Amino acid sequence: MSTLLKDNVAVITGGSSGNGRAIARRFASEGADIVIADIQESPREGGDLTHELIEAETEARATFVECDVTNVGDLETAVEAAEEFGGVTVMVNNAGIFHGEEFLEVDEDAFDRMMDINVKGVYFGAQAAAKRMVEAGGGRIINISSVAGLEGSGEFITYCGTKGAVRLLTYAMAANLGPDGVRVNAIHPGLIETTMTTEDYPIMGTDAEEDFLRSIPSRRAGQPEDVADTALYLASDLSDYVNGESLIVDGGMTNTQ
Ligand code: NAP
């Protein structure tokens, strides 16, 4: 077994499904113990529970904590659960929602809900982990943004606002926490094949998929494992001098025409 994350303990919000599940499995394969913090245990895409799968396929320890990231107390409980394994060293603020919207029809409740999950959840998830990391002398925080946090789209304005906020929160947190040994970075996935892009905002398997693929130099959709490999780099010492950075994982879509 490779051991890039030996002696690490990672808390992963939204870790039951999609990108978070892939990140959890990848981290565990490199020796990290894992806390899955999610509102529900079952993967949206089906299959074994993520923490059970990890314990079956790796030597890592893993547990599930029911956590709604809009609730600060739940986030603190999730970080606290990591103490059983030695305390959080890597926090991945991954939980997020995405759907299209008609700007002129968005009401306050829909706006607040997306802001609460995508922005407040990242803010207080990072804060809960940072309290422990500063005390322990270091750690790594990885915030999952999106290419929608780099470019505006008229079809999902609120989502762009939340993911742009995650980008600048990341830079500001890196400035604040860097002197205490805590690195904070963001990942900006492009089109990744998860339930988010097959059901919530259907692209995969629709006519829109072809248009997307033409705009992606790598000519394929990303897989959750592509995001997980990037998260592994940011969580490990391989990225020891990478701080306050945005890493785009989109097959080249954003920076090309
Ligand atoms: P996903 O398959 O829907 O997984 C998201 C997970 O987060 C689900 O397990 C979901 O639980 C959980 N979750 C939702 N609300 C939560 C809350 N309030 N508290 C705790 N957990 C919550 O989506 P994904 O594609 O993996 O997305 C993960 C992250 O990647 C998100 O931040 C997303 O914006 C970002 N991202 C995705 C793509 C993409 O193309 N897929 C692209 C760019 C960025 P439930 O099962 O209960 O809903």
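## Contacts with the ligand

In this predicted model, a polar side-chain atom of Tyr159 lies 2.7 Å from an oxygen atom of the ligand, and a polar side-chain atom of Thr194 lies 2.6 Å from an oxygen atom of the ligand. Asn94 takes part through its backbone, where a polar atom is 2.7 Å from an oxygen atom of the ligand. Taken alone, the ligand would expose 890 Å², and the protein buries 93% of that area.

## The shell around the ligand

## The chain as a whole

The secondary structure of the chain comes to 8 helices and 7 strands. The chain has a radius of gyration of 17 Å, close to the 18 Å that the globule rule gives for 257 residues, so it is as compact as a globular protein of that length. Along its principal axes, the C-alpha trace spans about 45 × 35 × 35 Å.

Of the 257 residues of the chain, 52% count as buried, while the accessible surface comes to about 11700 Å², with 47% of it belonging to carbon and sulfur atoms. Among contacts between residues at least 6 apart in sequence, 74% join residues that are at least 24 apart.

Key:
Residues are numbered from 1 along each chain as its sequence is written. This is a predicted model: local features need pLDDT of at least 70, side-chain atom pairs count only at pLDDT 80 or more; totals for chains, interfaces and linings use all residues. Side-chain values use heavy atoms; hydrogens and water are left out. A polar contact is a pair of N or O atoms within 3.5 Å; within protein, one must be able to donate a hydrogen and the other to accept it, and residues adjacent in sequence count only if both atoms are side-chain atoms. Accessible areas come from the Shrake-Rupley method with a 1.4 Å probe; for residues, only the protein chains shown count as cover. Helices (H or I, at least four residues) and strands (E, at least two) are DSSP runs, numbered from the N terminus. The radius of gyration is taken over C-alpha atoms; the globule rule is 2.2 Å times the number of residues to the power 0.38. Buried means under 20% relative accessible area, exposed over 50%, partly exposed in between (1.4 Å probe, protein chains only). Contact means heavy atoms within 4.5 Å.
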